[in-house]
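Subject: Structure for your files

Dear colleague,

Please find the structure below, with the sequence. My notes on what was found follow it.

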Amino acid sequence: MPSPAVVTENDRHWSLETLNKAYQQGYMAGLTGQPASLQPYPADVLAAAWEAGWDDGQAQQQDKLQAVG
């Protein structure tokens, strides 16, 4: 039987507002070409929100580059 997921203290302290903030920060990082390795969040949920924003920002950046080129 697999062991249950470990929930750290950092994973318990997030809200819709903090998720949105993490997403927006990741989006701006992706949009401006910053590397994903700059993801600042130790909490899995907030890290995932940042990474989703980064992915979307990268996609937007690529769309803009293709439109110009």
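**Notes on the model**

Leucine 38 sits in the loop that lies between H1 and H2. Its relative accessible area is 45%, so leucine 38 counts as partly exposed, between the cut-offs of 20% and 50%.

Mean pLDDT for the protein is 86, and 81% of the residues reach 70 or more. Residues 1-7 have pLDDT below 50, and this stretch has two contacts in the model beyond near neighbours in sequence. Where pLDDT is low, the predicted coordinates should not be read in detail.

**Overall make-up**

The secondary structure consists of two helices and zero strands. Of the 69 residues in the protein, 26% are buried. Among contacts with a separation of 6 or more, 73% are between residues 24 or more positions apart.

**Helix H2**

Does the length of H2 agree or disagree with its residue count? Helix H2 covers residues 44-68, which is 25 residues; at 1.5 Å a residue it should span 36 Å, and its end C-alpha atoms are 36 Å apart, so the two agree. The buried residues of H2 are Leu46, Ala47, Ala49, Trp50, Gly53, Trp54, Gly57, Gln58 and Gln61. What they pack against is helix H1, residues 16-31.

**How the helices meet**

The axes of H1 and H2 cross at roughly 35° and come within 6 Å. The crossing in which H1 passes H2 is right-handed. On the H1 side, the residues that meet H2 include Thr18, Leu19, Ala22, Tyr23, Gly26, Tyr27 and Leu31. On the H2 side, those that meet H1 include Val45, Leu46, Ala49, Trp50, Gly53, Trp54, Asp56 and Gln61. Sorted by class, the contact of H1 with H2 has 12 nonpolar, nine polar and one charged residues.

**Glutamine 61**

For leucine 31, the C-alpha lies 5.2 Å from that of glutamine 61, although the two residues are 30 apart along the chain. Glutamine 61 is also one of the buried residues of H2.

Regards

Technical notes
Residues are numbered from 1 along each chain as its sequence is written. This is a predicted model: local features need pLDDT of at least 70, side-chain atom pairs count only at pLDDT 80 or more; totals for chains, interfaces and linings use all residues. Side-chain values use heavy atoms; hydrogens and water are left out. Helices (H or I, at least four residues) and strands (E, at least two) are DSSP runs, numbered from the N terminus. The expected span of a helix is 1.5 Å times one less than its number of residues. Buried means under 20% relative accessible area, exposed over 50%, partly exposed in between (1.4 Å probe, protein chains only). Contact means heavy atoms within 4.5 Å. pLDDT is the predictor's confidence in each residue, from 0 to 100. Axes are lines fitted to C-alpha atoms, for helices over the stretch in contact, and angles run from 0 to 180 degrees between N-to-C directions. A crossing is left-handed if the near helix is turned anticlockwise from the far one by less than a right angle, and right-handed if clockwise. Ala, Val, Leu, Ile, Met, Phe, Trp, Tyr, Cys and Pro count as nonpolar, Asp, Glu, Lys and Arg as charged, and the others, Gly among them, as polar.
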